[in-house]
Amino acid sequence: MQTPAPFEYERATSLAGAIAALHDGDGDARVIAGGHSLLPMMKLRLATPERLIDLGDLEDELSYIREEPGEIRIGALTRHVDLLRSQVLAEQFPVFRDAEEVIADPVVRNRGTIGGSLCQADPGEDLSAVCAALKASVVLRGPAGERVVGMDGFHLGPYVTVVGFDEILTEIRIAKRPHGGSAYEKVERRAGDFAIGAAAAALNISGGTIVAAGVALRALAPTTVEIKRAEELLRGSRPSEELFAQAGEIAAADCAPTADGRGPVDYKRHLAGVLTKRALRRAAARALQKEA
Amino acid sequence: MSVQITVNINGEDVTREEEPRKLLVHFIRETPGLTGTHWGCDTSNCGACVVLMDGEPVKSCTVLAAMAEGHAIRTVEGLERDGRLDPVQQGFHELHALQCGFCTPGMLMTARALLDENPDPTEAEIRTAISGAICRCTGYKNIVAAIRWAAEHPAAVEQEA
Ligand SMILES: Cc1cc2nc3c(=O)[nH]c(=O)nc-3n(C[C@H](O)[C@H](O)[C@H](O)COP(=O)(O)OP(=O)(O)OC[C@H]3O[C@@H](n4cnc5c(N)ncnc54)[C@H](O)[C@@H]3O)c2cc1C
Ligand code: FES
Ligand code: FES
């Protein structure tokens, strides 16, 4: 039987209270959202918090997908199942639905949250690449107030983010841009598993020209990698198979995979190229559909 | 350090002194008469421990009992009503959807939740719904057929005692 080491447990009744409890914990307290990353880690003693602050009762406040005039706002406690079923996201950012269909299994998706996924920062976790390709930002709230951090500055390494010990991620914000299309491509060993490699792409196409581009890979480096050279190549170009193949070659060169049970480095680089190309192809098709 | 934990299981409040680290699956199984919920992989992969939490299937090896306080838990024992099997139980019986039976409680609860939400699922929808549950015996074919049977017999009653 796997059981976590002992800890004290409390239910947060307000966001401010949870932040104060984290602050008082001085690094030994942790929040628990869906618990589907943290509890497995605690069973393996890879995490041994002395105090758990359960955010479960804040769901009414922190679980939402809101369409504002210029952006979409997603509450940190929004579960995978709600991201998968959201009409607003399917319309605005279909990359979410692509990814959610292949994140874990439907029962796990009933519990895991977007905030937990991003904060866990597992190198194979999918939503970080989705948010990075969409150039999202996240809202972190701590004792001193709020700060907004772009996804490009969010990860510090595998399992490490900029979230302070007394901060809570409250919201994800994604700017809406016209004529956008986005897509996610993932290869896994079996249904419901973490990725061997995955690529997220987001494009905005105006007058036949790509005006904004985001390409991010997951599981193909110690943390999310945004393929900046590919984004630069895409911006200002007209979408074509050759262009996407070229972007794929850049992704294969610029990623930094390691060999493990999921495959050797040359195979993963090959995947990076192919998945980038496919994601761009589908993102472009979706963007052009909107422009038409 | 123990705390008092109350979990509502199949409509009844169960209260015990437990450590906060007590997992929901063990809290349930250590309640007299409720060993129907199984626990297998302990890593949220196999689905043997699936119970319904406010009507949604969850893996109870990855939920703390304390987190379940204030929510309604339904286990495989809660499927039967007044001596009548639930249609999913009847379907598994009719179509021979279990061999060793280890995965069965989780499969039944996952199936119940699917049918509550989607009373007429396609084979593909059934396969997706049970994709988080592993059966080492049946090859899934009869499980899928049994869930379809339940969809077609929503008011099934136990035919033979
Ligand atoms: C069998 C299985 C398969 C899986 N497969 C995949 C997969 O294919 N792809 C994938 O992407 N993921 C996968 N996951 C992970 C799943 O998506 C998790 O649900 C998710 O990573 C964590 O979300 P959570 O709400 O459960 O977080 P928790 O486990 O509650 O928390 C994770 C970490 O984040 C912190 N945290 C949580 N919320 C906040 C917040 N709002 N602010 C600050 N810190 C916070 C916690 O303190 C903890 O350190 C899988 C999980 C399982 C069990
Ligand atoms: S014991 Fe919970 S999923 Fe296997
Ligand atoms: S019947 Fe034996 S594991 Fe499913």
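What share of the contacts in chain B with a separation of 6 or more comes from residues 24 or more positions apart? The share is 53%, a contact being heavy atoms within 4.5 Å.

This is a predicted model, in which local features need pLDDT of at least 70, side-chain atom pairs count only at pLDDT 80 or more, and totals for chains, interfaces and linings use all residues. Residues are numbered from 1 along each chain as its sequence is written, chains are lettered from A and ligands numbered from 1 in written order, and side-chain values use heavy atoms, without hydrogens and water.

Select chain B. Five helices and five strands are found there (DSSP runs, numbered from the N terminus: helices H or I of at least four residues, strands E of at least two). From the N terminus their order is β-β-α-β-β-β-α-α-α-α. The C-alpha trace spans about 50 × 35 × 25 Å along its principal axes.

Next, select ligand 1. Its shell holds 32 residues, each with a heavy atom within 4 Å of the ligand. Chains A and B both contribute, so the site is shared between chains. Among the closest residues are His80(A) and Asp126(A).

Colour helix H8 (114-120) of chain A. H8(A) gives the largest share of the shell, five residues. Strands S2 (29-32) and S10 (168-175) of chain A each supply at least two.

Finally, show polar contacts (N or O atom pairs within 3.5 Å). A polar backbone atom of Gly34(A) is 2.8 Å from an oxygen atom of ligand 1. At Ser37(A), a polar side-chain atom lies 2.8 Å from a ligand 1 oxygen atom.

Terms used: Polar contact = N/O pair within 3.5 Å; in protein donor to acceptor, adjacent residues only side chain to side chain.
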